[in-house]
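Open the structure in your viewer and keep the selection panel at hand. We will go from stop to stop.

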Amino acid sequence: MEYILVLDAGTGSVRAVLFDKAGRQTAVSQVEWTHIEDPRYPGSMDFDVIKNWEIIQTCISQVLSQSGVDANDIKAISATSMREGFVLYDENGSEIWACANVDARAVDEAKELKNSDPQLEKRLYNLSGQTFALGALPRLLWLKNNQPHVYEKIAYLTMINDWILYKLTNKLQVDPSNGCTTGIFDLKNRSWTPAIAEACELKANIFPPVNEAGELLGTIPESIASFTGLAKGTPVFSGGGDAQLASVGVGAIKDSQTFICGGSFWQQEINIKDLKVDSQNRIRVNCHAVPDLWQIETIAFFPGLVMRWFRDAFCEMEKLEAKQTGRDAYEILEEKAKDVPVGSNGIIPIFSDVMNYISWRHAAPSFLNLSLDPNKTGKKEIFKSIQENAALVTYGNLKMVEEVTGQFPKEAIFAGGASKGKLWSQTLADVLGIPVKVPAEKEAAALGTAIMAGLGAGLYPSIDSAINDIVKWERIHTPNLENHETYKTIYENWRAVYTEQLKLADSGITNHMWIAPGLTV
């Protein structure tokens, strides 16, 4: 039997996942990690390269021990990670600074970049598909302003998945699907554009080579083999960003396919063969993990976190029942909410707005239009309204993409934690008015990484054959078109209400749920 080892570094934990050639998980080792705020710098979220590398090596050793697999049968290793987090190195290749994707220390620097030239962000967006909201440019400027002794030593920059592969091979490089999230990439050429860094008066010579996902980087040396149990000489391949490799893991590798990843955030990934950016700078554009393909990306903030907050704050009874029965609390809540009417008796949740990348902010979290009749507004109705709200934001994002591409999806693939909910999946189909396909393998990022590494190792003849053999469907949700028509009216009402709620937050009467660093309104 032949196996592929994937290292999947998320915001809250890292996993070592061992797949067989057929894409089946053989073993998983997962360890949580924490990104610590430096008390000197509000909003900072440092990535601890020393401790986290120890954790990764432990995960590798554990997954080999659990599986009982002969290390010589592992034919490929690769890594995926959270996007936007990055690592900086000196000229000797030693790590000198690193941050997680949630680092938010560079508020003043984002303002500085915006104020230096009001048109700069828009010009750079046209090249990179990124704004200052999530990218590396404000953080690099923060280092220049606040830790010049570190900034002057910077010789290389990589993303976190590339850092993992560097630790395994001693090769510094990046891949396009995650590297582009720095905002320092030319999307069309799928490579660094030093001119972007120069425009921000930043170092323009810190960019290592670029390798597409599945490119051979090197092999496992004796030092790593002896500590982890891996076999010396095992080939290591370039990986990529989690959302883009998740797209591969659900089979979204063709033009116009739409993939919705329902986690803490919901990402809508729309594949495009012909590169386009938005003239109004509202959407994000990234390199796909598949060469010669790009993705328009829209994001809904916090649907998974909102649902977890609701469960933990108000659903002790369901959590207790789940503990007693061995069922999932969300499954129990869905069962109770299955007969709640479309629109949840008029409840209007206010959480994430539709995406506006150039002026990204969200109103204060709230529920409006509640009834005092407990038979109309109760736990199950609020639960259903949260599910509906995530689907409505997704619908709004996809309608915005339609303005750019001229096309609304004919179907969508839905994966991630939210896709485990059958009611949530059906609600999404009804709101969008299109079939929603749920894959059998929900942990799509690791699987997509395995597929690309397997391609590099020659385990699969082509990506199409790999997808055909590996990606299976658990269920398909067909939309209720009558419900869809009702949801279109609900969507317009929600948009009107949200506009007013955003005005309250913009005026300071309420607090934004989130506002992009450096943005003033």
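Which residue stands opposite Asn271 in S16? Select Gln295: that is the residue facing Asn271. Keep in mind that this model is predicted.

**Stop 1: the sheet**

Select residues 266-272, strand S14, and residues 294-300, strand S16. The two run antiparallel, and seven bridges join them. Strands of a sheet pair through backbone hydrogen bonds.

Now show the whole sheet. It is open and has seven strands, in the order S15-S16-S14-S13-S20-S21-S22. The pairing is mixed. Look at the edges: S15 (284-287) and S22 (473-477). Each has a single partner strand, so one side of each has no neighbour in the sheet. On average, neighbouring strands are turned by 25° against each other, direction ignored.

**Stop 2: the cores**

Select Phe86, Leu137, Leu140, Trp266 and Trp360. In the largest nonpolar core, of 99 residues, these five touch the most other members. Then colour residues 379-405, helix H14. This helix gives the core its largest share, twelve residues. Another core, of 40 residues, lies apart from it; Val49, Trp53, Cys59 and Val69 are among its members.

**Stop 3: an aromatic cluster**

Show the side chains of Phe265, Phe301, Phe302, Tyr357, Trp360 and Trp514. Ring pairs link them into a cluster. The structure holds 26 aromatic pairs.

Zoom in on Phe301 and Trp360. Their pair is edge-to-face, with 5.1 Å centre to centre and 80° between the planes. Phe301 sits in the loop between S16 and helix H11 (303-314), and Trp360 in the loop between S17 (348-350) and S18 (361-362). They are 59 residues apart.

Is Phe301 buried or exposed? Phe301 is buried, because its relative accessible area is 4%, under the 20% cut-off.

Turn to Phe301 and Trp514. The ring centres are 4.5 Å apart and the planes are at 35°, so this pair is tilted. Trp514 belongs to strand S23 (residues 514-515), so the pair ties together parts 213 residues apart in sequence.

**Stop 4: Ser13**

Finally, select Ser13 in strand S2 (residues 13-20). Ser13 is buried, with a relative accessible area of 14%. Its side chain makes a polar contact with the side chain of Gln30, at 2.8 Å. Leaving out residues up to four places away in sequence, Ser13 touches Asp8, Gln30, Val31, Glu32 and Trp33.

Key: Residues are numbered from 1 along each chain as its sequence is written. This is a predicted model: local features need pLDDT of at least 70, side-chain atom pairs count only at pLDDT 80 or more; totals for chains, interfaces and linings use all residues. Side-chain values use heavy atoms; hydrogens and water are left out. Two strands pair if DSSP finds at least two bridges between them. Helices (H or I, at least four residues) and strands (E, at least two) are DSSP runs, numbered from the N terminus. Axes are lines fitted to C-alpha atoms, for helices over the stretch in contact, and angles run from 0 to 180 degrees between N-to-C directions. A nonpolar core is a set of buried Ala, Val, Leu, Ile, Met, Phe, Trp, Tyr and Cys residues joined through side-chain atoms within 4.5 Å. Buried means under 20% relative accessible area, exposed over 50%, partly exposed in between (1.4 Å probe, protein chains only). A polar contact is a pair of N or O atoms within 3.5 Å; within protein, one must be able to donate a hydrogen and the other to accept it, and residues adjacent in sequence count only if both atoms are side-chain atoms. Contact means heavy atoms within 4.5 Å. Rings of Phe, Tyr and Trp (its six-membered ring) pair if their centres lie within 6.5 Å; planes under 30 degrees apart count as stacked, over 60 as edge-to-face and the rest as tilted.
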